[in-house]
Amino acid sequence: MAIRGAEGRENRTMWDNALHYFYEAATLGSMRLASDKIGVATSSISRQIAQLEQDMGVALIERGRRSIRLTEAGRLAFEFHRNQLADRETLLNQLQELREVKTGRVDLAIGEGFFGPPLIETIDGFQRRNPGIAIAVASSSSAEIVRMVLDDEAHVGMILNTTTEPKIRTRAVVEQPLMVLCSPRHALAAREAVTIAELQDTDLCLPPRGFSIIAALAEAQKRAHVWLEPMLVTTSIQMMREIAKAGRAVTVLPRISALAELDQGTLVARPLLDDAIEHTTVSLIHRLGRQLEGAPARLLAILEAKLKSWS
């Protein structure tokens, strides 16, 4: 099998060379001019064209003329090779555009808790600088994001904490502890830090089960022997921020989720006292073995730098 494969490759190379000689001779109108351009003897070009005609079983050029005139079969072969060259040029241009991040597509899977103006501005800024890049952003739980990355439904994922999945590569891990977010007018804003027990007597707005935030809080509740009953449950991080800004409830989110509000002073963040929660992280992940190039690689590098700055 290996010999036949090698012979096949050699035959294809000989065919391509012969077709190239034929094409140049037909384009320039003579074998002599083709000889001068390619840098091989005229007799070699003649032999290659003759061999090509023998392989095809049909004449490609009319004999007995000083200049080359193509037969009907010759015109078909000529058009075939010209199309091959055009397709090759198109492919090379497309690859060049991918290398220069002019075109392409990036699929992101990001935990809902990380959505906020800084992340949205980062993605929007990238697309403004690279208008040919299509970006699809999916929001889901960390477990679903890991699955999407494993199944190549997403180039890059952003999850709370890390994963033990062996086929996932963690590109960056940044500490991003869960914080108690509340209005500056809320009673908890006067505290330097908040305990899980203190949240038990506070109106809470939290995400539903399935979110990594809830899983982390559930473990913290077990350790503190308390039970948190939220006033409002929503999958909308925007609603969590707005309810907290209005002073109607407090919420628990990573700091990255409310950077704009914290900068504006419409929300304050207080540490949640729990050993595990104080060391919560955010991770950028992609599938081990998947070679990210072009737009996905560029956006991943930008997200990594931004994530470190947001910490």
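Predicted model: local features only at pLDDT ≥ 70, side-chain atom pairs only at ≥ 80, totals over all residues.
Residues are numbered from 1 along each chain as its sequence is written. Local features need pLDDT of at least 70 and side-chain atom pairs count only at pLDDT 80 or more, while totals for chains, interfaces and linings use all residues; side-chain values use heavy atoms, without hydrogens and water.

**The pocket.** Select Arg209, Ile214, Gln221, Trp227 and Leu228, which lie nearest the centre of the largest pocket among its 15 lining residues. A pocket is an open set of points on a 1 Å grid over the protein atoms alone, where a 1.4 Å probe fits, with protein on both sides within 12 Å along at least five of seven lines; lining residues have an atom within 4 Å of a point. Next select residues 212–224, helix α8, which gives the most to this lining, with 5 residues. Helices are DSSP runs (H or I, at least four residues), and strands are E runs of at least two, numbered from the N terminus.

**The patch.** Move to Leu91, Leu92 and Leu95, which form a nonpolar patch on the surface. Such a patch joins Val, Leu, Ile, Met, Phe, Trp or Tyr side chains within 5 Å, from residues with over 30% relative accessible area and no salt bridge (a Lys or Arg side-chain nitrogen within 4 Å of an Asp or Glu carboxyl oxygen). Leu91 sits in helix α4, residues 72–99.

**The loop.** Last, select Pro184, in the loop between β5 (178–182) and β6 (194–195).

Terms used: Patch = residues over 30% accessible without salt bridge, like charges linked within 9 Å, V, L, I, M, F, W, Y side chains within 5 Å. Areas by Shrake-Rupley, 256 points an atom, 1.4 Å probe, with all protein chains shown as cover.
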